Amino acid sequence: MTISSPNAPDAGRRLTHRHADQPLRGIALIVLSTVFLACSDTLAKYLGRTVPPIEIGWIRFLVFLLIMTPVALMSSASSLRSARPKLQVLRGLALVASSTLFISGLQFLPIAEASATSFVAPLFVTALSIVMLGERIGIRRWAASVVGLIGVLIVIRPGSAAFNPAVIFPILSALTWAVTLTLTRMISGADRAAVTMTFSALVGFVALSVIVPFVWVTPSWHGVLVGVLVGLASTMGQWIVVLAYRYADASVLAPFTYSQLVWVTFLGFGLFGEVPDVWTFVGAAVIIASGLYTAHRERLRRKQPVAAEPYPSP
């Protein structure tokens, strides 16, 4: 799944106001997070040979919930007390949809191709910012979005013999991930990070628990172990992202989140013998360049004087 934690951007905006700027530490943490997230995606692809995607997602969110429950219980304030509970629920549903769609795509696509395609998420965020946040998007950011879409077309090559209709899964995953990020921005000024994380775990687990009985395949003990590792790696990756944004802004860390593509390429070759073709790398480079330019324009926009926003401590 796409790098970064569900509440990473806004966690960064809240926390960097309270901590010294230490970009090297933030960069080291964000790169470490991509290793965990790449391992989670690779293990999910491996487990997908014998277990349905919805069941893998259910195991992932079960582990996530088991980790967040003691955090919620030990919190001085209730971690389920949200100022915007409806948006939290919608955000949780978007997150679980993104996760399940991406895992579904891994069944049919090389992991590097699925990951490269999912990097189109920031471009969807640009479009959704107009509809959901009322932002004004300049011609340069729109141009970057068009370039990013061209990169996706290079990766998937519709109309050619290399085209796989399953690319719709990572594209839809990127779209629902963009909805998740946009909702996070809408929630960020009202709820603490712990609230958002707990809602994510609870909503995802409940939503998938309704569906999983219809597709259930009893896994072996080996499958259970792999499923637990998927959940642990995913949760660790997301949590490390939150820590990374304590030390550096999103615009600083954004270029390094793309290192996940390096790890999944190596892991995909080592475990599945997958060797991405040259067009996957070319398209990925175009998508990443577009994403980096979008992050650059966002950094410039945020440097403009604006009224101070109050952010609650996490």
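Modeller: Let us begin with the surface, keeping in mind that this is a predicted model. A nonpolar patch is formed there by I67, W221, V224, L225, V228, L229 and L232, which together have about 630 Å² of accessible area.

Colleague: Which helix gives the largest share of the nonpolar patch?

Modeller: In an α-helix there are 3.6 residues a turn, so residues three or four places apart point the same way. Here helix α10, residues 221-244, supplies six residues of the patch. One of the residues in helix α10 is V228, and its relative accessible area of 31% makes it partly exposed.

Colleague: Is Q88 buried or exposed?

Modeller: Buried means under 20% relative accessible area. Q88 counts as buried because its relative accessibility is 1%. Q88 sits in helix α4, residues 85-106, and, leaving aside residues up to four places away in sequence, it touches S82, I187, D191, V195, T196 and F199.

Colleague: How many residues of helix α5 are buried?

Modeller: Eight of the eight residues in helix α5, residues 111-118, are buried, and E113 is among them.

Colleague: How many salt bridges does the structure hold?

Modeller: There are two. In one, the side chains of R60 and D41 meet at 3.8 Å, N to O, linking helix α3 with helix α2 across 19 residues. In another, E274 pairs with K45, with the closest N and O atoms 3.3 Å apart; this pair joins the loop between α12 and α13 to helix α2, 229 residues apart. R60 and D41 are buried, and E274 and K45 are both buried as well.

Technical notes
Residues are numbered from 1 along each chain as its sequence is written. This is a predicted model: local features need pLDDT of at least 70, side-chain atom pairs count only at pLDDT 80 or more; totals for chains, interfaces and linings use all residues. Side-chain values use heavy atoms; hydrogens and water are left out. Helices (H or I, at least four residues) and strands (E, at least two) are DSSP runs, numbered from the N terminus. Buried means under 20% relative accessible area, exposed over 50%, partly exposed in between (1.4 Å probe, protein chains only). Contact means heavy atoms within 4.5 Å. Patches are made of residues with over 30% relative accessible area and no salt bridge: like charges are joined within 9 Å, nonpolar side chains (Val, Leu, Ile, Met, Phe, Trp, Tyr) within 5 Å. Accessible areas come from the Shrake-Rupley method with a 1.4 Å probe; for residues, only the protein chains shown count as cover. A salt bridge is a side-chain nitrogen of Lys or Arg within 4 Å of a carboxyl oxygen of Asp or Glu.
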